[in-house]
Amino acid sequence: MKILVTGGTGYIGSHACVELLNAGYEIVAIDNFSNSKPEVVQKIKEITKKEFIFYEGDVCDKDILNKIFKENKIDAVIHFAGFKAVGESVQKPLKYYRNNLDSTLSLLEVMTEFNCKKIVFSSSATVYGQPKSLPIKEDFALSTTNPYGSTKLMIEDILRDLYISDNTWSIALLRYFNPIGAHESGLIGENPNDIPNNLMPYIVKVAIGQLEVLSVFGNDYDTPDGTGVRDYIHVVDLAKGHVKAIEKVLKDSGVDAYNLGTGKGYSVLELVNTFMEVNDVKVKYQIVDRRPGDIAACYADAMKAKLVLNWQAEKDIKQMCKDAYNFVKKQK
Ligand code: NAD
Ligand code: UD1
């Protein structure tokens, strides 16, 4: 079975490539390196000791997609390619709508032409907006609060409409909670060049001395210690969820959404304290005002993925903290 992975050198895509190769799939990957580095291709090969075909190119470009589908018999696609920074999407909405929607439409058109109708799509827990209760189930109402989130919800709608028009499609919408951590080899992981927006990359940069102090956004939420609670999931567990989702779309047609989370919530301070403890390192932090738009708590009901995909997260918060630090130390 040959799987096309778009955004294959990105944070989650690279880990998914590793797990797919380890599970015995052939893969073809494409990325334009807008948010990743060419060296990741070699690292994936080094980890897995397996070869795969890589195309440098833009998923919005139908010519390169046509070339890929002509040169390879693709059985299914995992679509990671897209922009993901919430704050930037508010500043530059057109950049986000153009890239995230255009890449998806080009991909779906070319897939249709080549009669490849199986796709796993990277959605996000952001499509739940402000959830009515916790834990969050897949059938909760959907809404968004920023252009990035809107692109995810629009793409989910496009995929649902596509299935209505032709029910031979097989579509899995994977709603990720908060992926953190890195591959245990320390060869691939997440290390943004700019000042990070998300919590774990920020903690790591403070730990290695590249940033001075972590700002904890609010300690007056209605949570056990007052800081925000999230469902952090190890990126390797998340990647394994894609292998299970691919098995499902290869087998059955339909369109289904799945939460990929652990089902457990940890607060900002719990994550910071665990990080300091397992890595024996100090992370200086200060409490500041809440970040506008943040919700108090967010965690998944992950039962559907367990029952239908036979997947559940296995790695705990300590492992996530260890692997995140190990990766970034190796980059220094
Ligand atoms: P990432 O930025 O590390 O990876 C995305 C990859 O896609 C990058 O390598 C980038 O260069 C590439 N890319 C972007 N636009 C492209 C285009 N038009 N053509 C070719 N390549 C392109 O992000 P990630 O964290 O690995 O996220 C992967 C997917 O999962 C994204 O769609 C993201 O929105 C979604 N997601 C991520 C998170 C998260 O917290 N990381 C949470 C929920 C959903
Ligand atoms: C982010 C994205 C969301 C995406 C989700 C899953 C934003 C605004 N939202 O949400 O779209 O679906 O990841 O990947 O980027 N925090 C601090 N200090 C920091 C950074 C964060 O205290 O410097 C706190 C936040 O207030 C929050 C928690 O840490 O309580 C996690 O924040 P973050 O990593 O940005 O993820 P989310 O806000 O859950």
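**Ground rules**

I number residues from 1 along each chain as its sequence is written, and I letter chains from A and number ligands from 1 in the order in which they are written. For this predicted model I ask for pLDDT of at least 70 for local features and 80 or more for side-chain atom pairs, while totals for chains, interfaces and linings use all residues, and side-chain values rest on heavy atoms, with hydrogens and water left out.

**Entry 1: ligand 1**

I began with the shell, counting a residue as near when one of its heavy atoms lies within 4 Å of the molecule. I found 26 residues around ligand 1, with Ile12, Asp31, Asn35, Ser36 and Tyr148 coming nearest. By class I got nine nonpolar, 13 polar and four charged residues. Here Ala, Val, Leu, Ile, Met, Phe, Trp, Tyr, Cys and Pro are nonpolar, Asp, Glu, Lys and Arg are charged, and the others, Gly among them, are polar.

Next I looked up polar contacts (pairs of N or O atoms within 3.5 Å; within protein, one must be able to donate a hydrogen and the other to accept it, and residues adjacent in sequence count only if both atoms are side-chain atoms). The side chain of Asn35 has an N or O atom 2.7 Å from an oxygen of ligand 1, and the side chain of Tyr148 has one 2.8 Å from an oxygen of ligand 1. Asn99 places a polar side-chain atom 2.8 Å from a nitrogen of ligand 1. The protein buries 95% of the 820 Å² that ligand 1 exposes when taken alone (Shrake-Rupley areas with a 1.4 Å probe; for residues, only the protein chains shown count as cover).

Which elements each supply at least two residues of this shell? I noted α1 (11–22), β5 (118–124) and α6 (147–165), and β5 gives the most, with three residues. My elements are DSSP runs numbered from the N terminus: helices are H or I with at least four residues, strands are E with at least two.

**Entry 2: α1 against α8**

I followed α1 to its crossing with α8 (residues 235–251), where the axes come within 8 Å and cross at roughly 60 degrees. The axes are lines fitted to C-alpha atoms, for helices over the stretch in contact, with angles from 0 to 180 degrees between N-to-C directions. That angle makes α1 oblique to α8; under 35 degrees would be roughly parallel, over 145 roughly antiparallel, 65 to 115 roughly perpendicular, and the rest is oblique.

**Entry 3: ligand 2**

I counted 20 residues around ligand 2, the closest being Ser124, Ser215, Arg230, Arg291 and Asp294. An oxygen of ligand 2 is 2.8 Å from a side-chain N or O atom of Arg291. For Asn178, the side-chain N or O atom is 2.9 Å from a ligand 2 oxygen. The protein covers 85% of the 740 Å² of accessible area that ligand 2 has on its own. The shell divides into 10 nonpolar, seven polar and three charged residues, and β8 (214–217) gives the most to it, with four residues.

**Entry 4: backbone details**

Most residues other than glycine have a negative phi, and most peptide bonds are trans. I logged a cis peptide bond from Leu134 to Pro135, with omega near -5 degrees; Pro135 sits in the loop between β5 and α6. I also logged Asp280, a residue other than glycine with a positive phi near 50 degrees, in the loop between α9 (268–279) and β13 (285–288).
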